[in-house]
Amino acid sequence: MPALLLDTLRAIVGSGHVLSGVELSPYVVDGRTPEAAVFPGTVDEVAAVVARAAEAAVPVIPWGGGTAASVGGPPARAGIVLGLGRLRAVVEHEPGDLTVTAQAGLTLSDLQAALRARGQWLSLDPPDAERATLGGVLATNASGPRRQLYGTARDLLIGATVVTADGSIVRGGGRVVKNVAGYDLPKLFIGSYGTLGVIVEATLKLRPVPDDERLVAVRFERLKDAGSAVRALLGSDLIPNAIDLLDASAAAALGIEGASAVLVVGFDGLGEQVDWQVAQLAGVVGPGGGERVTPLSPAAWRTLPRAAHDALGTPAAVMTLSVLPSLVAELMEQGASSARQRGLACAWSAHAGVGQVTAAVRAEGDRQDPAALAAVLAEWRSAARAGGGHASLARAPLAVKTVLPVWDDAGPAGRIMQRIKAELDPHNVLNPGRFVAGI
């Protein structure tokens with residue numbers, strides 16, 4: 001990096017908020033060490049940093065809590081890591097309107113704590129909420145088990161402030177729920193992985209904290225039977241806020257031993273309603289082979305999103321797959337069989353009601369074979385495609401990423417995304433080459 005640019009960055013944010021040299025080790029991405037890590041303290045400073053980087057043709061990697069740093073293709077040049085951790089204020093909370101405006105660097109756990117103090121919550125529960133930041137959750141469209149009832153960030157976002165690739169500050173949407181003016185541009189940045197703009201502030205819809213919430217588990221002898229129970233549950237009168245399906249390994253990570261498959265179901269609402277739904281659950285899933293309904297501790301909500309990952313300790317690779325809910329159990333069985341045939345250990349979990357599956361894999365011993373990993377991951381992707389779905393790598397060694405694309409083929413949608421990228425970031429400054437279709 002030119003010394004003049006480094007000096008300019010220090011002048012913008014303060015020398016204590018610019019890291020270089022050995023201090024950059026926490027920000028290495030796929031073996032690429034950034035040339036600097038910069039931590040602005042205001043929206044204007046974010047804009048100034050991006051503008052100076054764009055002028056110098058240095059790429060910028062937006063960075064929240066680093067929970068999704070392993071996602072994406074290897075960067076050709078790491079450039080500048082733009083850390084948003086100093087932007088962590090709750091700008092405005094209107095309990096009467098059920099809305100909140102917060103800065104992007106605020107962690108989800110800190111935001112939820114501030115909201116719950118006033119009897120409200122944001123219905124997003126991504127993994128690693130203690131580290132995941134609001135901006136990162138929006139940029140990756142991260143979610144958790146409660147998406148079954150409450151949806152994802154796209155359903156909650158009202159407005160956003162974004163710094164574009166040339167350093168402009170753009171505000172879209174509003175701070176009230178009934179906002180119908182113009183195109184809903186803020187949602188364009190949801191799930192864009194920082195390739196279109198840097199989210200620095202967001203306004204979202206809230207909900208009152210439910211009177212009661214419960215998480216229960218039902219054991220099954222066969223994964224296939226658990227899949228049938230999911231279909232029965234989706235067709236019933238019950239309204240769960242979570243429907244997760246775990247294989248034996250993922251269930252063990254949740255503290256449930258000795259089960260071939262476990263269906264984890266959540267309910268919330270008034271206490272009487274929750275009591276009734278839990279009581280009715282056995283009648284819905286029991287005929288398909290479900291054993292007794294067992295309550296889980298509230299702490300299980302935090303571990304449930306990472307069950308497959310935690311089952312293997314440090315997995316060699318993690319893949320996320322999307323298929324129709326009716327095909328989830330079949331995909332899990334087929335994928336596990338494929339891994340066993342290559343001597344690989346795996347663990348599977350799914351937000352089964354919405355068809356979102358997570359699979360983790362590693363070799364049985366200490367030695368990891370990239371070729372074997374790539375082969376089984378390719379087979380998993382093919383299985384998802386056969387069911388009309390898709391798959392992407394959430395984590396994998398660089399040796400695997402060089403032979404297996406991180407993202408699935410986006411088809412015509414990918415070409416549209418490339419055109420949008422060319423309009424908003426014509427010089428390819430923001431997180432270049434890491435997203436779908438080489439964006």
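**Helix pairs and buried residues**

Modeller: Helix α6 passes helix α11 in a right-handed crossing, a name used when the near helix is turned clockwise from the far one by less than a right angle, with anticlockwise being left-handed. This is a predicted model, in which local features need pLDDT of at least 70, side-chain atom pairs count only at pLDDT 80 or more, and totals for chains, interfaces and linings use all residues. Residues are numbered from 1 along each chain as its sequence is written, and side-chain values use heavy atoms, with hydrogens and water left out.

Biologist: Which residues of α6 and α11 make the contact?

Modeller: On the α6 side they are L223, K224 and G227, and on the α11 side A329, M332 and E333, where contact means heavy atoms within 4.5 Å. By class, this gives three nonpolar, one polar and two charged residues.

Biologist: Helix α11 also meets α12, and what makes α11 roughly antiparallel to α12?

Modeller: The axes of α11 (residues 328-341) and α12 (residues 370-386) come within 10 Å and cross at roughly 160 degrees, and that angle places α11 roughly antiparallel to α12. This crossing, too, is right-handed. From α11 the contact takes L331, Q334, G335, S338 and A339, while α12 supplies V376, E379, W380, A383 and A384. Sorted by class, six of these residues are nonpolar, three polar and one charged.

Biologist: What does the same check give for α8?

Modeller: Helix α8 (residues 271-285) has 15 residues and should span 21 Å, and its ends lie 22 Å apart, which agrees. The buried residues of α8 are V274, Q277, V278, L281 and V285, and their cover includes β12 (212-220), α6 (223-234), β14 (261-269) and β15 (293-295).

Biologist: Why is C346 called buried?

Modeller: C346, in strand β17, has a relative accessible area of 12%, and buried means under 20% (exposed is over 50%, partly exposed in between, with a 1.4 Å probe and protein chains only), so C346 counts as buried. Leaving aside neighbours within four places in sequence, C346 is in contact with residues including A336, A339 and W380.

Biologist: Why does D30 count as buried, and where does it lie?

Modeller: D30 counts as buried because its relative accessibility is 17%, and it lies in the loop between β1 (18-19) and β2 (36-38). D30 also has a positive phi of about 50 degrees although it is not a glycine, whereas most residues other than glycine have a negative phi. P34 is found in the loop between β1 and β2 as well, and it is buried at a relative accessible area of 4%. Beyond its neighbours within four places in sequence, P34 touches L24, Y27, V28, A78, G79 and V81.

Biologist: Why is N431 called buried?

Modeller: The relative accessible area of N431 is 7%, so N431 is buried. N431 lies in the segment after α14 (412-424), and its phi is near 45 degrees, a positive value in a residue other than glycine.

Biologist: What makes α1 roughly antiparallel to α2?

Modeller: The axes of α1 (residues 3-13) and α2 (residues 43-55) come within 10 Å and cross at roughly 170 degrees, so α1 is roughly antiparallel to α2. L5, T8, L9, I12 and V13 of α1 contact E45, A48, V49 and R52 of α2, which by class makes six nonpolar, one polar and two charged residues.

How values were computed: Axes are lines fitted to C-alpha atoms, for helices over the stretch in contact, and angles run from 0 to 180 degrees between N-to-C directions. Helices (H or I, at least four residues) and strands (E, at least two) are DSSP runs, numbered from the N terminus. Angles under 35 degrees count as roughly parallel, over 145 as roughly antiparallel, 65 to 115 as roughly perpendicular and the rest as oblique. Ala, Val, Leu, Ile, Met, Phe, Trp, Tyr, Cys and Pro count as nonpolar, Asp, Glu, Lys and Arg as charged, and the others, Gly among them, as polar. The expected span of a helix is 1.5 Å times one less than its number of residues.
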